[in-house]
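Please look over the sequence and the structure shown here, and then read the briefing that follows.

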Amino acid sequence: MTCTLILTRHAKSAWDTSAPSDHARPLNNRGRHSAAAVGTWLREIGMIPDQVISSSAQRTRETCDLMELGAPAVFIERLYHASAEILFQVLREAEHNRVLILGHNPGLAAFAHSIVRHPPDHSRFDDFPTGATLIARFDIDRWADLTWSSGKVAEFTVPRELLGA
């Protein structure tokens, strides 16, 4: 049996907003289109998660909604700008074998680099831009057995590739 992680950075957020805090910043138009495109791509390749674990920020909530994956989602405050170590701990507590984690850089990029054995040959993997999505498989039966550098990259994409821009 294997466990599959879908790791997605929130889509592009708006900076010219009257949001009262960074946590409350919404997506911009490009971000809304990107989130929908990532969701469509995941559905097309049959990568619907059993569970979504997301930061509680407005932009991650919107990204999750616009992806339209139909999976139950939990929004966790400690994933807001979480470190790679916190992301690792949260994933080890996941209850389903196919999990999508939705979060923020720089922790998400650091986590992506630390969780896979070999990074994908992609020019954008290092900076993990908004909307970037990694799919990695792990030869474990449950997330509690997760170890660093154990994932095998199955897919990696960025919204620009999906939107043809």
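The charged end of Arg61 sits over the ring of Phe75, 4.3 Å from its centre, a charge being over a ring if NZ of Lys or CZ of Arg is within 6 Å of the ring centre and within 35 degrees of the ring normal. Likewise, the charged end of Arg25 sits over the ring of Trp15, 3.6 Å from its centre. This is a predicted model, in which local features need pLDDT of at least 70 and side-chain atom pairs count only at pLDDT 80 or more, while totals for chains, interfaces and linings use all residues. Residues are numbered from 1 along each chain as its sequence is written, and side-chain values use heavy atoms, with hydrogens and water left out.

**Aromatic pairs**

- The whole structure holds six aromatic pairs, defined as rings of Phe, Tyr and Trp (its six-membered ring) whose centres lie within 6.5 Å, with planes under 30 degrees apart counted as stacked, over 60 as edge-to-face and the rest as tilted.
- The ring centres of Phe111 and Trp148 are 6.1 Å apart and their planes lie at 75 degrees, so this pair is edge-to-face.
- Phe111 belongs to helix H4 (residues 107-115) and Trp148 to the loop between E5 and E6, 37 residues apart, where helices (H or I, at least four residues) and strands (E, at least two) are DSSP runs numbered from the N terminus.
- Ring pairs join Phe88, Phe111 and Trp148 into a cluster.

**Thr157**

- Thr157 lies in strand E6, and its side chain makes a polar contact with the side chain of Glu161 at 2.9 Å (a pair of N or O atoms within 3.5 Å; within protein, one must be able to donate a hydrogen and the other to accept it, and residues adjacent in sequence count only if both atoms are side-chain atoms).
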